[in-house]
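Please keep the model open while you read these points. Each one takes up a single part of the chain.

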Amino acid sequence: MAYIITDLCRDEKAAICLDVCPVDCIDLTNTQYVINPSLCIDCGACELVCPVEAIFHEEDLPAEHESAILIASNHYRS
């Protein structure tokens, strides 16, 4: 997983990240957007445009937002 969308995005509807993602790897769950780790190409375009600064590279993810990894993993589990 390269980039992670945290709960700072909860209920955010701007979705600018969807428009800039070159591989369409961002999906909406019931409450927030998540990045498909299998499709993400680590370009960082989504992080640059996020209006609520909810997107972090996995290496820079603040400890208080580590639950976002589980949210994305659960969403894409199959």
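1. Terms and model. Helices (H or I, at least four residues) and strands (E, at least two) are DSSP runs, numbered from the N terminus. The model is a predicted one: local features need pLDDT of at least 70, side-chain atom pairs count only at pLDDT 80 or more, and totals for chains, interfaces and linings use all residues. Residues are numbered from 1 along each chain as its sequence is written, and side-chain values use heavy atoms, with hydrogens and water left out.

2. Ala15. Look for Ala15 in the loop between β1 and α1. Its phi is positive, about 55°, although Ala15 is not a glycine. Most residues other than glycine have a negative phi. Is Ala15 buried or exposed? Ala15 counts as buried because its relative accessibility is 13%; buried means under 20% relative accessible area, exposed over 50%, and partly exposed in between (1.4 Å probe, protein chains only).

3. Asp42. A positive phi also occurs at Asp42, where the value is near 65°. Asp42 belongs to the loop between β3 and α2. With a relative accessible area of 39%, Asp42 is partly exposed.

4. The start of the chain. Ala2 sits in the segment before β1 and is buried, at a relative accessible area of 12%. Which residues does Ala2 contact, leaving aside its neighbours within four places in sequence? They are Cys40, Asp42, Phe56, His57 and Glu58, where contact means heavy atoms within 4.5 Å. Ala2 and Phe56 are 54 residues apart along the chain, and their C-alpha atoms are separated by 8.6 Å.

5. His57. This residue is part of strand β4 (residues 55-57). His57 is buried, with a relative accessible area of 13%. Apart from neighbours within four places in sequence, His57 is in contact with Ala2, Tyr3, Asp42 and Glu47.

6. The nonpolar core. A nonpolar core is a set of buried Ala, Val, Leu, Ile, Met, Phe, Trp, Tyr and Cys residues joined through side-chain atoms within 4.5 Å. How many residues does the largest one have? It has 16 residues, and those with the most contacts inside it are Tyr3, Ile5, Ile26, Ile35, Cys46 and Ile55. Strands β1 and β3 each supply at least two residues of this core. In soluble globular proteins, nonpolar side chains tend to be buried together. Tyr3 touches a list of residues that includes Ile35, Cys43, Cys46, Ile55 and Phe56, not counting residues up to four places away in sequence.

7. Helix α3. The buried residues of this helix (residues 67-76) are Ala68, Ala72 and Tyr76. They cover an arc of only 60° around the axis, so they are on the same side of α3; the arc is that of the directions from the helix axis to the C-beta atoms. An α-helix has 3.6 residues a turn, so residues three or four places apart point the same way. What covers the buried residues of α3? The cover includes β1 (3-5), β2 and β3 (33-35).

8. Asn36. The loop between β3 and α2 (45-49) holds Asn36. Asn36 counts as buried, at 13% relative accessibility. Leaving aside neighbours within four places in sequence, Asn36 is in contact with Cys25 and Tyr76.

9. Asp7. The loop between β1 and α1 contains Asp7, which is partly exposed at a relative accessible area of 36%. Beyond its neighbours within four places in sequence, Asp7 is in contact with Gln32 and His65. The C-alpha atoms of Asp7 and Glu66 are separated by 9.7 Å, and these two residues are 59 residues apart along the chain.

10. Glu64. Glu64 is placed in the loop between β4 and α3. Is Glu64 buried or exposed? Glu64 is exposed, because its relative accessible area is 60%. Glu64 and Pro51 are 13 residues apart in sequence, and 20 Å apart in space, C-alpha to C-alpha.
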